[in-house]
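Reader: I want to learn how to read a structure feature by feature. Where do we start?

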Amino acid sequence: MSLALIEAAHCNVDLKPSPIEPSWILEGNPEARSRELSTSACGTTKTLIWSCTEGKFNWYYDVDETIMILEGSIVLESEGMPPRRYGVGDVILFRHGAHVKWHVESYVKKIAFFRQTIPFGLGFAIRAINKLKRMVFVPGGRRSALPLQPAFRGGAKHTT
(Lines give C-alpha, C1' and ligand atoms only; values in the text may rest on other atoms or scores of the structure.)
Protein backbone atom coordinates (compact mmCIF):
# COMPACT_ATOMS: atom_id res chain seq x y z
CA MET A 1 0.00 0.00 0.00
CA SER A 2 1.50 3.32 -1.00
CA LEU A 3 1.09 6.48 1.06
CA ALA A 4 0.07 9.82 -0.37
CA LEU A 5 2.99 12.17 -0.88
CA ILE A 6 1.03 14.98 0.76
CA GLU A 7 -1.38 14.55 3.67
CA ALA A 8 -3.52 17.28 5.14
CA ALA A 9 -5.50 17.43 8.35
CA HIS A 10 -7.16 20.05 10.51
CA CYS A 11 -6.64 20.76 14.21
CA ASN A 12 -10.39 20.89 14.86
CA VAL A 13 -11.09 17.16 14.72
CA ASP A 14 -12.98 14.88 17.06
CA LEU A 15 -10.56 13.58 19.69
CA LYS A 16 -10.79 10.13 21.25
CA PRO A 17 -10.08 9.26 24.90
CA SER A 18 -6.35 8.84 25.52
CA PRO A 19 -6.05 8.13 29.26
CA ILE A 20 -2.96 9.20 31.16
CA GLU A 21 -1.21 6.34 32.96
CA PRO A 22 -3.02 6.34 36.35
CA SER A 23 0.22 5.98 38.36
CA TRP A 24 1.50 9.22 36.75
CA ILE A 25 -1.42 11.36 38.01
CA LEU A 26 -0.43 13.53 40.97
CA GLU A 27 -3.56 15.65 41.49
CA GLY A 28 -7.05 15.97 40.08
CA ASN A 29 -8.70 13.88 37.40
CA PRO A 30 -7.10 15.02 34.13
CA GLU A 31 -8.89 13.66 31.08
CA ALA A 32 -6.74 13.48 27.95
CA ARG A 33 -7.99 13.04 24.40
CA SER A 34 -6.05 12.76 21.14
CA ARG A 35 -6.13 11.97 17.46
CA GLU A 36 -3.29 11.05 15.13
CA LEU A 37 -3.11 13.35 12.12
CA SER A 38 -0.25 11.83 10.14
CA THR A 39 2.58 9.31 10.26
CA SER A 40 5.69 8.79 8.15
CA ALA A 41 6.03 5.79 5.84
CA CYS A 42 8.75 4.36 8.08
CA GLY A 43 6.73 4.95 11.26
CA THR A 44 9.45 7.01 12.97
CA THR A 45 7.55 10.31 12.96
CA LYS A 46 3.95 11.15 13.86
CA THR A 47 1.79 14.21 14.29
CA LEU A 48 -1.17 14.36 16.63
CA ILE A 49 -3.56 16.68 18.38
CA TRP A 50 -3.87 16.21 22.15
CA SER A 51 -5.99 17.93 24.76
CA CYS A 52 -6.29 17.60 28.52
CA THR A 53 -8.46 18.95 31.32
CA GLU A 54 -7.22 20.32 34.65
CA GLY A 55 -4.80 18.25 36.70
CA LYS A 56 -1.19 17.53 37.61
CA PHE A 57 0.74 14.52 36.35
CA ASN A 58 4.17 13.19 35.47
CA TRP A 59 5.12 12.50 31.89
CA TYR A 60 8.03 10.33 30.75
CA TYR A 61 9.25 10.80 27.18
CA ASP A 62 10.44 7.75 25.24
CA VAL A 63 10.71 9.69 21.94
CA ASP A 64 11.59 13.27 21.00
CA GLU A 65 8.43 15.37 21.08
CA THR A 66 7.96 18.95 19.93
CA ILE A 67 4.70 20.64 20.84
CA MET A 68 2.96 23.91 20.14
CA ILE A 69 0.23 25.06 22.49
CA LEU A 70 -2.96 25.85 20.54
CA GLU A 71 -5.31 26.63 23.45
CA GLY A 72 -4.98 27.08 27.20
CA SER A 73 -1.85 26.98 29.31
CA ILE A 74 0.37 24.66 31.31
CA VAL A 75 3.04 24.92 33.96
CA LEU A 76 5.98 22.58 33.45
CA GLU A 77 8.60 21.58 35.98
CA SER A 78 11.58 19.28 35.62
CA GLU A 79 14.77 18.52 37.52
CA GLY A 80 17.03 21.56 37.26
CA MET A 81 14.19 23.65 35.79
CA PRO A 82 11.91 25.75 38.01
CA PRO A 83 8.17 25.80 37.23
CA ARG A 84 7.39 27.84 34.13
CA ARG A 85 4.08 28.74 32.47
CA TYR A 86 3.57 28.20 28.74
CA GLY A 87 0.60 29.30 26.66
CA VAL A 88 -0.79 29.72 23.16
CA GLY A 89 1.94 29.87 20.53
CA ASP A 90 4.74 28.51 22.74
CA VAL A 91 6.82 25.73 21.20
CA ILE A 92 8.57 23.22 23.47
CA LEU A 93 10.94 20.34 22.68
CA PHE A 94 11.07 17.36 25.05
CA ARG A 95 14.02 15.11 24.32
CA HIS A 96 13.89 11.34 24.63
CA GLY A 97 14.45 10.46 28.30
CA ALA A 98 12.95 13.66 29.74
CA HIS A 99 10.72 13.49 32.84
CA VAL A 100 8.40 16.45 33.30
CA LYS A 101 5.70 17.37 35.81
CA TRP A 102 2.72 18.84 33.97
CA HIS A 103 0.17 21.15 35.59
CA VAL A 104 -2.77 21.79 33.28
CA GLU A 105 -4.39 24.84 34.83
CA SER A 106 -7.85 24.39 33.30
CA TYR A 107 -7.51 23.05 29.75
CA VAL A 108 -4.79 22.68 27.15
CA LYS A 109 -4.75 21.68 23.50
CA LYS A 110 -1.51 21.06 21.64
CA ILE A 111 -0.21 19.79 18.36
CA ALA A 112 2.61 17.32 18.88
CA PHE A 113 5.32 16.11 16.53
CA PHE A 114 6.98 12.83 17.57
CA ARG A 115 10.30 11.57 16.25
CA GLN A 116 11.90 8.27 17.17
CA THR A 117 15.45 8.72 18.39
CA ILE A 118 17.91 7.11 15.99
CA PRO A 119 21.13 5.65 17.48
CA PHE A 120 24.16 7.88 16.84
CA GLY A 121 25.97 5.49 14.47
CA LEU A 122 22.89 4.90 12.35
CA GLY A 123 22.06 8.62 12.37
CA PHE A 124 25.58 9.42 11.17
CA ALA A 125 25.26 6.89 8.33
CA ILE A 126 21.87 8.29 7.28
CA ARG A 127 23.21 11.87 7.23
CA ALA A 128 26.21 10.76 5.13
CA ILE A 129 23.99 8.94 2.63
CA ASN A 130 21.64 11.92 2.37
CA LYS A 131 24.57 14.28 1.77
CA LEU A 132 25.88 12.02 -1.00
CA LYS A 133 22.44 11.87 -2.58
CA ARG A 134 22.22 15.67 -2.57
CA MET A 135 25.66 15.97 -4.14
CA VAL A 136 25.08 13.35 -6.85
CA PHE A 137 21.37 13.42 -7.56
CA VAL A 138 19.43 16.67 -7.70
CA PRO A 139 15.95 15.97 -9.15
CA GLY A 140 15.07 18.34 -11.98
CA GLY A 141 18.28 20.24 -11.37
CA ARG A 142 16.74 21.94 -8.32
CA ARG A 143 16.78 21.36 -4.59
CA SER A 144 13.42 20.49 -3.06
CA ALA A 145 13.81 22.98 -0.21
CA LEU A 146 15.74 26.12 0.47
CA PRO A 147 18.63 25.85 2.93
CA LEU A 148 17.95 27.22 6.40
CA GLN A 149 18.82 30.83 6.96
CA PRO A 150 21.61 31.36 9.55
CA ALA A 151 19.13 32.83 12.07
CA PHE A 152 17.26 29.52 12.20
CA ARG A 153 20.19 27.11 12.58
CA GLY A 154 20.73 27.43 16.32
CA GLY A 155 17.17 28.19 17.24
CA ALA A 156 15.78 31.61 17.95
CA LYS A 157 15.76 32.91 21.49
CA HIS A 158 12.36 33.58 22.99
CA THR A 159 11.90 36.96 24.60
CA THR A 160 8.98 38.01 26.73
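Reader: How many salt bridges does the structure hold?

Author: Start with the general idea. Side chains of opposite charge can pair when their charged atoms come close. This is a predicted model. The structure holds six salt bridges.

Reader: Which residue forms a salt bridge with Glu27?

Author: Lys56 does, with the closest N and O atoms 4.0 Å apart. Glu27 lies in strand S2 and Lys56 in strand S4, so the bridge ties together parts 29 residues apart in sequence. Glu27 is partly exposed, with a relative accessible area of 47%. Lys56 is partly exposed too, at 29%.

Reader: Is Asp64 buried or exposed?

Author: Buried means under 20% relative accessible area. Asp64 has 13%, so it counts as buried. Arg115 has 40% and counts as partly exposed.

Reader: Where does Lys110 find its salt-bridge partner?

Author: At Glu65, with 2.8 Å from N to O. Glu65 is in strand S5 and Lys110 in strand S8, 45 residues apart. Glu65 and Lys110 are both buried.

Reader: Over which ring does the charged end of Lys110 sit?

Author: Over the ring of Trp50, 4.5 Å from its centre.

Reader: What geometry do Trp50 and Trp102 show?

Author: Edge-to-face, at 5.6 Å centre to centre and 70° between the planes. This pair links strand S4, which holds Trp50, with strand S8 (residues 99-115), which holds Trp102. They are 52 residues apart. Trp50 and Trp102 are both buried.

Reader: Which residues form one aromatic cluster?

Author: Trp24, Trp50, Phe57, Trp59, Tyr60, Tyr61, Phe94 and Trp102.

Reader: What pattern does the protein chain follow along the sequence?

Author: It reads β-β-β-β-β-β-β-β-α-α. That comes to two helices and eight strands. Of the 160 residues, 24% count as buried.

Methods:
Residues numbered from 1 in each chain as written. Predicted model: local features only at pLDDT ≥ 70, side-chain atom pairs only at ≥ 80, totals over all residues. Heavy atoms only, no water. Helix = DSSP H or I, 4+ residues; strand = E, 2+ residues; numbered from the N terminus. Buried < 20%, exposed > 50% of the residue type's maximum accessible area, 1.4 Å probe, protein only. Phe/Tyr/Trp six-rings, centres within 6.5 Å; stacked < 30°, edge-to-face > 60°. Lys NZ or Arg CZ within 6 Å of the ring centre and 35° of its normal. Salt bridge = Lys/Arg side-chain N within 4 Å of Asp/Glu carboxyl O.
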